[in-house]
Amino acid sequence: MSLQMITVSNNIALIQPGFSLMNFDGQVFFFGQKGWPKRSCPTGVFHFDVKHNHLKLKPTLFSKDSCYLPPLRYPATCIFRSSLESEKHQYIIHGGKTPNNELSDKIYVMSIAGKNSKKVTFRCTEKDLVGDVPEARYGHSIDVVYSRGKSIGVLFGGRSYIPSSQRTTEKWNSVADCLPHVFLVDFEFGCSTSYILPELQDGLSFHVSIARNDTIYILGGHSLANNTRPANLYRIKVDLPLGSPAVNCTVLPGGISVSSAILTQTNNDEFVIVGGYQLENQKRMVCNIVSFEDNKIEIREMETPDWTPDIKHSKIWFGSNMGNGTVLLGIPGDNKQATSDAFYFYMLKCAEDNVNEDQKTLTNSQTSTEDPGDSTPFEDSEEFCFSAEAYSFDGDDEFDTYNEDDEEDESETGYWITCCPTCDVDNNTWVPFYSTELNKPAMIYCSHGDGHWVHAQCMDLAEDTLIHLSEGSNKYYCNEHVKIARALQTPKRVLPLKKPPLKSLHKKGSGKIFTPAKKSFLRRLFD
């Protein structure tokens, strides 16, 4: 094992606890940054380019037929192949936290729509589920098993917000363990079925899961209800005959007590567990090898890498699996220095040789800290870009010019703001006021100066007016600035009065008779 520190370009602030890494044909892509995607990367997915121990995040593209993918933190992700022999694969993404600390219950499928020597274009589609739909959650696992030539997804564990009926102002964002149900999800037809297994008594989050053919192994995890990290080792076997699936669970000896660990695969039958926690504020510095032989699992300690003093003394660490036996680790920077980075990053290589891409065993782990984001909401930025056209980034630019300064200070923007002195929107007690608000207060952009967001209901805007102002490029000024704006408006154009053409003094046959005095006046007027 080798440990190397890597330097990061000036977009280091994007890498926060709860991110995910996806490996497509040896290329690693970053997903789940803090805040909404900005103009510098409308898609929110970055190419994770590491060369000579230096990391650059390069924005990627999505195809025109892609749905919007929010930057989710702590989702469950896994690799999906149509069959075990298939070389092409997709990534399944379920759940996770949105930038407003809301939980997602959606399933997204990420695949490559096209690529050339310079850039990759992704396609993202959303899958609708019917049946026993899993509730919104984070810190859970989703895996794919293969049986009798068929495949199906297996979802387990995680945390969710307490029911709305039990929420109070003090406990608005309190979370609880999800029920220990196992969900089988058919990605082709969008069907989901829930199973209750007597061996699974507690809901677990931030556990490690390994999918091997028709079997999933669940290791460790954290139970909020008991505040424990039991040394669990469960084997869940799924059989897919022509009729209904059969699911059974077996409790195995030899488990380990760990949560938030990172799992990486070093060869077809061997894995390495890195990092994690054995207590709430105590990191687990031991690494383990998980090996399989004749459908038997063995977990044993291995020689640990030469941890640096910074890693040893840090209270938290987080990271994700880069694939090919490599793990990215992050620790907090030195806050005593005014110019220090938020996090320092290391790359741990657990295997010198690359792993065979045609692997028949897939890995999954909920890599994070013990979710420090629970008490710190990540708010929306002022700019929104829900889709990106592929041609928007055509050219020879390799996207090395991302500028962190483009990201506004999110602590003063977003939905949960005081938009005016009389603002009465409270995120703890707010309920929808307009049908257009869905689950966020409706907002409108005031065009005065540099602009700012205000709540529509605080401005006494009717819903029809709100919809009208949201269309096209209409300018709107809030109550505070409307008088200033009116004074700056260009005066309306006044059409000149139409003067009737002068008629001839006397037109033959017109029947009009002019007196000599009027004739003399008209001659002097036109001479």
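This is a predicted model: local features need pLDDT of at least 70, side-chain atom pairs count only at pLDDT 80 or more; totals for chains, interfaces and linings use all residues.
Rings of Phe, Tyr and Trp (its six-membered ring) are taken as a pair if their centres lie within 6.5 Å; planes under 30 degrees apart are stacked, those over 60 are edge-to-face, and the rest are tilted. Residues are numbered from 1 along each chain as its sequence is written, and side-chain values use heavy atoms, leaving out hydrogens and water.

First, the overall picture. The protein chain has 4 helices and 33 strands (DSSP runs numbered from the N terminus: helices are H or I with at least four residues, strands are E with at least two). Of its 527 residues, 50% are buried, where buried means under 20% relative accessible area, exposed over 50%, and partly exposed in between (1.4 Å probe, protein chains only). The chain's accessible surface comes to about 27,000 Å², with 50% of that belonging to carbon and sulfur atoms; areas come from the Shrake-Rupley method with a 1.4 Å probe, and for residues only the protein chains shown count as cover. Among contacts with a separation of 6 or more, 60% are between residues 24 or more positions apart (contact means heavy atoms within 4.5 Å).

Back to the rings. One of the aromatic pairs joins Y138 and F206 edge-to-face, at 6.2 Å centre to centre and with 70 degrees between the planes. Y138 sits in the loop between β11 (130-131) and β12 (141-147), and F206 in the loop between β17 (191-196) and β18 (208-212), so the pair ties together parts 68 residues apart in sequence. Both partners are tucked away: Y138 is buried at 0% relative accessible area, and F206 is buried at 1%.

Another pair, Y217 with F292, is tilted, with 5.1 Å between centres and 55 degrees between planes. This pair also links distant parts of the chain, since Y217 belongs to strand β19 (residues 215-219) and F292 to strand β26 (residues 287-293), 75 residues apart. Y217 is buried, with 4% relative accessible area, and F292 is buried too, at 6%.

Elsewhere, ring pairs join F19, F30, F46, F48, F318, F343 and F345 into a cluster.

The charged end of K97 sits over the ring of Y138, 4.7 Å from its centre; the criterion is NZ of Lys or CZ of Arg within 6 Å of the ring centre and within 35 degrees of the ring normal. For K283, the charged end sits over the ring of W317, 5.5 Å from the ring centre.
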